[in-house]
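Hi everyone, thanks for making time for this.

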Amino acid sequence: MMKNLYLMRHGKSSWELNVSDQDRALLQRGITDAQLVGEAVVGKKIKIDHAFSSPANRALHTAIICLRTLKYPLHNFSVETNLYDFSGDKVIEFIKGLDNKLDNVLIFGHNHAFTYIANALGNKHIDNVPTSGFVHLQFKENSWASISKGSTIQTIFPKQLKAW
């Protein structure tokens with residue numbers, strides 16, 4: 001059995017309100033892009049055993065929008081403090097600690113962490129995972145603790161979905 005890791009960066013957020021970084025809200029574009037990417041993910045018919053999100057407002061809001069679009073049951077969704085990480089180290093530690101009963105995991109979080117992880121664990125270079133960007137990584141290992149270099153199966157970025 002293979003392990004599938006889906007990463008989705010939070011949508012475009014606002015710097016305008018005087019709030020802490022964790023409380024920053026999504027802009028309308030962030031809301032629209034999260035729905036757009038969610039709809040594209042629905043079309044891929046991927047299986048998700050569990051979804052996790054950073055507790056930051058923008059990541060959590062992106063998660064809820066995307067998961068509603070996927071009609072995903074929220075009882076299979078958790079908020080994890082360690083996913084509020086920008087380096088990627090805590091996120092990789094979290095991934096390697098996942099329950100091996102979970103084969104297909106979706107994580108909502110942040111850059112620079114997600115670009116770093118996509119490049120460290122995938123086999124295609126990605127300059128930058130954009131806001132609302134989705135990356136599918138697949139690993140041949142049966143254990144999350146033993147994953148190393150996997151395959152970058154696909155990316156879904158809002159810019160690719162918009163007709164210019």
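This is a predicted model: local features need pLDDT of at least 70, side-chain atom pairs count only at pLDDT 80 or more; totals for chains, interfaces and linings use all residues.

Strand β1, residues 3-9, is joined to β5 by 6 bridges, and the two run antiparallel. On to the next pair: β5 covers residues 134-139 and pairs with β6 in the antiparallel sense, over 5 bridges. If you want to find this on your screen, look for His136, which stands opposite Gln154 in β6.

Now let's zoom out to the whole sheet. What is the order of its strands? Reading across, it goes β3-β2-β4-β1-β5-β6, an open sheet of 6 strands with mixed pairing. The edges are β3 (77-79) and β6 (151-156); each has a single partner strand, so one side of each is left without a neighbour in the sheet. On average, neighbouring strands are turned by 20° against each other, ignoring direction. What about β5, is it enclosed or open to the outside? Of its 6 residues, 5 are buried, so β5 is largely enclosed by the rest of the structure.

Next, the helices. In general, two packed helices are described by the angle between their axes and the distance between the axes. Let's take α1, residues 28-44, and α2, residues 57-69: their axes come within 8 Å and cross at roughly 40°. That makes α1 oblique to α2. The crossing is right-handed. Who meets whom here? On the α1 side we have Ile31, Ala34, Gln35, Gly38, Glu39 and Val42, and on the α2 side His61, Thr62, Ile65, Cys66 and Thr69. By class, that contact divides into 5 nonpolar, 5 polar and 1 charged residues.

Still in helix α1, please find Asp33. Is Asp33 buried or exposed? With a relative accessibility of 2%, Asp33 counts as buried, since the cut-off for that is under 20%. Setting aside residues up to four places away in sequence, Asp33 touches Ser132, Pro158 and Lys162.

Asp89, Val91 and Ile92 in α3 meet Ala113, Phe114, Tyr116 and Ile117 in α4. That contact has 6 nonpolar residues, no polar ones and 1 charged.

Let me stay with α4 for a moment. Its buried residues are Ala113, Phe114, Thr115, Ile117, Ala118 and Leu121. What do they pack against? The list is β1, α3, β4 (104-109), β5 and β6.

Finally, a quick tour of the loops. Between β4 and α4 you'll find His112, and a cis peptide bond joins Asn111 to His112, with omega at about 0°. In the loop between α1 and β2 (50-53) sits Lys45, which has a positive phi of about 50° although it is not a glycine. Lys45 counts as exposed, at 73% relative accessibility.

The loop between α2 and β3 holds Lys71, another non-glycine residue with a positive phi, about 55° in this case. Lys71 is exposed, with a relative accessible area of 74%. Leu70 lies in that loop between α2 and β3 as well. Apart from neighbours within four places in sequence, Leu70 is in contact with Gly38, Val41, Val42, Ile48 and Leu106.

One last stop: Lys101, in the loop between α3 and β4, is exposed at 70% relative accessible area.

Key
Residues are numbered from 1 along each chain as its sequence is written. Side-chain values use heavy atoms; hydrogens and water are left out. Axes are lines fitted to C-alpha atoms, for helices over the stretch in contact, and angles run from 0 to 180 degrees between N-to-C directions. Helices (H or I, at least four residues) and strands (E, at least two) are DSSP runs, numbered from the N terminus. Angles under 35 degrees count as roughly parallel, over 145 as roughly antiparallel, 65 to 115 as roughly perpendicular and the rest as oblique. A crossing is left-handed if the near helix is turned anticlockwise from the far one by less than a right angle, and right-handed if clockwise. Contact means heavy atoms within 4.5 Å. Ala, Val, Leu, Ile, Met, Phe, Trp, Tyr, Cys and Pro count as nonpolar, Asp, Glu, Lys and Arg as charged, and the others, Gly among them, as polar. Two strands pair if DSSP finds at least two bridges between them. Buried means under 20% relative accessible area, exposed over 50%, partly exposed in between (1.4 Å probe, protein chains only).
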